[in-house]
Structures are given as structure tokens and as C-alpha cells.
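Dear colleague,

Please find below the structure that I am handing over to you.

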Amino acid sequence: MNSGKQTVDLVINAKWIAPAAPEGRVLSDCALVISDGKIVDITSQTQATRQYLAETEHHLDHHLVTPGFINAHGHAAMTLLRGYADDLSLQTWLEQHIWPAEGRHVGFDFVYDGTLLATAEMIRSGTSCFSDMYFYPDAAAKAVREAGLRAQITFPIIDFPTPWAATEDEYFSKGLKLHDDYRNYDRIAIAFGPHAPYTVNDQALSRVATLASELDAGIQIHAHETATEIANAGDIRPLERLAQLGVLGPRTQLVHMTQLTDRDIELVQQWQCHVVHCPESNMKLASGICPVTKLIENGVNVALGTDGCASNNDLNMAGEMKSAAFLAKIASGNPASLSAHECLSMATINGAKALGIDNETGSIEKGKRADIAAFPLTGIGNLPCYDPVAQLVYNDNAHSASHLWVDGNALLIDHALTTLDVDQLAQRAQQWQKKIVTGRQP
């Protein structure tokens, strides 16, 4: 007998839904209807029952459902260097510890295993999409495909030889080949990843600008990260130099940005660049404070990233939201700065805008891809709950996701990973730890 109902792939009934568009909105006792990887309806649970017949249905009666988080900057494989070099300044951390360790150990297998470990951590904390900047981006892309996440993979460009490439031409040729390999793969975009103004020469930066424009590809670069970087830049500030070389533009993602003048902010706004704020890494390395409130007031899109585990030391975007909110409040002297709902936007739709995918994901809207996370707000530590979004942002008890879907595919169900073997990942991580400790120079 025909029930007259429309058959769909998935219905998610939730206590609360925070769609992130429009900002500040929270729906209660509603349902998301999903088919062919897209959100086809957002309606009351009663109406969903009347209208749809779902192949799979979830009743998340004590959960907050949000868009999957978008971690707009990180170095996923550096999970294998988590805690390797703590309590150091950026230059000491990089030059005396991280770069030597990478020189000894980084290869395809290191990046593949480290990225898989990172994807498991991100899935468990509600991240559906991330941007990665590291060596062997082909290994990272392979791991992303196996995990089922969405990603922007940037290929590195830097002035000195690394385990991945020996010359400038080799960096570009390998990266452009990877771009061609993934041209038709929907969930992975290949972008340019020049490391920083102080590690990439003018010729290479101009080449990045030209090729990125031709390919309509993103550019992600560390910029204005520390006072030392600015002091060593000479007569021209890094952002001015990037503008002169054609690097700045609407697809440019500027990471860290802790050392900004009014003129710098004007340049970012003028060129419609995006800023990726990494508060916990910036605080841990004492790099400085990104003036998020001022950037937002000047119309700049600010996204959120964790950076890598070697300088954070986790990939939890909910924790990053909390740190961003608290840091903005103390920096501005205004407790109203960067509300919980603004933080949710930074972790979702703003990240999608920065990566150029906001027409596909980043918010819960009809027609968008079904990239969705669910967080159980249960237990003594989550009671009472007056504002579920504030609970998610400010309360560490709410940071663990129970469910995650990407393109409507379940990657996490009732806290259990569906695409990755946790025991195998742990075993590989421990094997790498032994290698790294054994190879560590005294």
C-alpha cells in the first residue's frame, strides 16, 4: 500500500538545531530531511513524520545539531608531533625542534598515518571539513578520502629543500599535478600553500598569484604571525608586499594575523581577503592576539582554525571557539565581544566563505550539502541548559560530538567511528612515537 509519503535517505529529529544562517537562530523540536547528500527540508518533527518515509531515522532528543565545523587552518599530520616541543617561542620551536624532527621523519607514510589520526580526532569533535597545509599533500588527500571528510589541501611552497621537494619548480610541478588529479573530486579542493612571506621569495609569490588566478584556486599563507616577523621584514610590511605581488584577493586566506595596524586591516578589507584566527596556538606560542573584533567591525570575514597539534595540542573546534570568545573579550575589554553565536559562525559558515565553499556547506539550509554534527547536552555538567549554543561554546562538557555526517554519509554514530579503525590508528601512532623518540637528538 502506497503511504503517499516521499521516500528519503535520512531524517534527523533533534531537540535543537542551530543552522548558523541566520546567525543567532535556534530551532526547537525540528527535523532535518536529507536525500542524495543534500538537505531537502527543515520542518517540524510532526510534519516530517506525516510527509516523509526515511530509510534511516535518528531521534536526538537531547542534542544540539549544528553544521559540521570547518577547521580553516591546520597541519593534520603533526598529530604525530603532539607535545613534542612545548613551552617555546615560535622561532625556537620551529628552527630547533620541529624542522629538524620533520627532516628526520616526514615522508608519505608519516603524513598518511598522521592525517588519518587527525581525521579521527576531528570527526569525534564535530569537524566535517578542514584545511591542511603540509608536506606530501597527496598522502593527506588519500587519508581524507578514506575518512570521508571534506577538505582543502594546500601544497607547500617554501624557499628551501624539504623532504617533499628540493626546488621551487618541484614544489609547483608536484602541486599542480595534484590539482589536476583532484579536479573532479567533489570533497577535496587543492589550493596553494606558500608558507609565509619570510620563507617565500618574490618570484615564487608572484607565480602563486598568477596560477591561483588562472585556476580559481585558494591561497593560504601564514602572515603577520609574530612581532619578530614584522621587525625582520624591513622597510615594507608583509601585507604591503603581498599586495604589490598580487597575492591578496578574495580567495586569499591569511592565517594568524596577530600584528596588525589600521593600514593592514584596511588592506585586508580592500582586497576582500579572509583571516583565519588560531587563538590557542597563538596563545601557546605567545605570538600575539589577532584583533578579531576590529576585523569584524571593518567587514572582514574571520574564520577559525586550530593550527597543528604540535602547537595547540588538540584539534577540537568547540574548544577553539571558547578560547576565541574569551580572548576577544579580554583583549577588547568588552564582555559582549564575540558572542557564542558569532563563534559558531566563525567555526562554520565563515570557514566555508574563507574556503570558497559557502554555496555548498557551512550552514543548515535547504539545498546545501548535509554536513551535520550533533552534540548531546546531557548529564549533570550540562544542566540546566538555557542556551544550547552557549552551552556548546562555553562548556567543556559539551565538546564531544555523538554524530557526524558529511554529504549525508555517517562518519560517527553514537560516538563510534564508521570509517576508521581506532585501535589500528592508536597502534600506528605509538609506533611513530618510538621512532621519533629514538631518533631525537640529545
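Which side chain meets that of Asp407 in a salt bridge? The partner is Arg150, and the N to O distance is 2.9 Å. Please note that this is a predicted model, and that every value in this message was computed from it.

According to the domain assignment, domain 1 consists of residues 6-67 together with 366-407, while domain 2 covers 69-355. Taken over C-alpha atoms, the centres of domain 1 and domain 2 are separated by 29 Å. The contact draws 25 residues from domain 1 and 29 residues from domain 2.

About 2,100 Å² is buried between domain 1 and domain 2, and carbon and sulfur atoms give 62% of this area. Four salt bridges are counted between domain 1 and domain 2. The count of residue pairs in polar contact between these domains, with both residues at pLDDT 80 or more, is eight.

On the domain 1 side that touches domain 2, the elements giving two or more residues are the strands β4 (52-67), β13 (372-376) and β14 (403-406) and the helix α15 (388-394). Of these, α15 supplies the largest share, with five residues. By residue class, this side of domain 1 comprises 14 nonpolar, four polar and seven charged residues.

With kind regards

Terms used:
Residues numbered from 1 in each chain as written. Predicted model: local features only at pLDDT ≥ 70, side-chain atom pairs only at ≥ 80, totals over all residues. Heavy atoms only, no water. Domains from an automatic or database assignment. Contact = heavy atoms within 4.5 Å. Buried area = accessible area lost by both parts, 1.4 Å probe. Polar contact = N/O pair within 3.5 Å; in protein donor to acceptor, adjacent residues only side chain to side chain. Helix = DSSP H or I, 4+ residues; strand = E, 2+ residues; numbered from the N terminus. Nonpolar A, V, L, I, M, F, W, Y, C, P; charged D, E, K, R; others polar.
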